[in-house]
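I opened this entry to record what I looked up, going from the whole chain to single residues.

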Amino acid sequence: MVLIIFSINIVYVTFFTVRMIMTLKGFRYMAALVSMVEVVIYIVGLGLVLDNLDQIQNLIAYAIGYGSGVVIGSKIEEKMALGYITVNVISNDESDYLPRQLREKGYGVTDWDANGRDGGRQAMQILTPRKMELKLYKTIQEIDPKAFIIAYEPKTIHGGFWVKQVKRGRLFK
């Protein structure tokens with residue numbers, strides 16, 4: 001019984017975590033489908049725990065399964081890499097070499113001259129699918145190992161030459 005409760009809760013919370021992240025990233029319909037499976041698993045698991053509340057090991061298995069499900073769900077979402085990121089890069093190299101190299105590799109780069117504490121800089125903003133995030137970082141670091149990089153997830157994307165490709169999910173294919 002302990003193993004069953006533990007396993008059911010891992011599956012339930014994994015679905016819960018993935019559904020929550022999908023909802024936050026705007027994948028409403030996929031999240032709704034996941035939630036239908038999630039609620040069935042939840043009811044079965046909770047029923048087993050409530051029927052066997054007299055045994056503390058069942059409650060402990062439920063709690064450990066819950067925590068494990070959060071970790072597993074987060075790892076699954078990380079592998080799914082839903083959505084896009086915006087990466088801001090600041091380079092000490094004031095030339096257009098880095099933005100030009102990134103554009104040649106298919107990235108959409110907006111760049112401008114900037115000023116830092118120690119003088120001129122090249123600032124860039126790059127939109128990329130999250131699936132390409134690590135590859136982008138590696139590319140930037142190969143070209144400019146001292147580049148300063150900040151990344152965040154945009155909530156809304158509107159305008160620009162990439163909008164149609166972004167909305168259709170056709171970047172880097």
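**Overall layout**

I counted six helices and four strands in the protein. I was working from a predicted model. Reading along the sequence, I noted the order α-α-α-β-α-β-β-α-β-α. I then looked up the radius of gyration, which is 22 Å; the globule rule gives 16 Å for 173 residues, so the protein is more spread out than a compact globule. For the extents, I found that the C-alpha trace spans about 70 × 35 × 25 Å along its principal axes.

**Burial, contacts and surface**

I found 36% of the 173 residues buried. Among contacts with a separation of 6 or more, I noted that 70% join residues 24 or more positions apart. I put down the accessible surface as about 10,900 Å², with 60% of that area belonging to carbon and sulfur atoms. For the charges, I have 21 positive and 16 negative, and their mean positions lie 7 Å apart.

**Helix α2**

I checked the length of α2, residues 28-51. Its 24 residues should span 34 Å at 1.5 Å a residue, and I found its end C-alpha atoms 34 Å apart, which agrees. Which residues of α2 are buried? I listed A31, V34, E38, I41, G45 and V49. I see the buried residues of α2 packing against α1 (2-24) and α3 (56-80).

**K146**

I located K146 in the loop between α5 (133-143) and β4 (148-152).

Technical notes. Residues are numbered from 1 along each chain as its sequence is written. This is a predicted model: local features need pLDDT of at least 70, side-chain atom pairs count only at pLDDT 80 or more; totals for chains, interfaces and linings use all residues. Side-chain values use heavy atoms; hydrogens and water are left out. Helices (H or I, at least four residues) and strands (E, at least two) are DSSP runs, numbered from the N terminus. The expected span of a helix is 1.5 Å times one less than its number of residues. Buried means under 20% relative accessible area, exposed over 50%, partly exposed in between (1.4 Å probe, protein chains only). Contact means heavy atoms within 4.5 Å. The radius of gyration is taken over C-alpha atoms; the globule rule is 2.2 Å times the number of residues to the power 0.38. Accessible areas come from the Shrake-Rupley method with a 1.4 Å probe; for residues, only the protein chains shown count as cover. Lys and Arg count as positive and Asp and Glu as negative; His and the chain ends are not counted. The place of a charge is taken as NZ of Lys, CZ of Arg, CG of Asp or CD of Glu.
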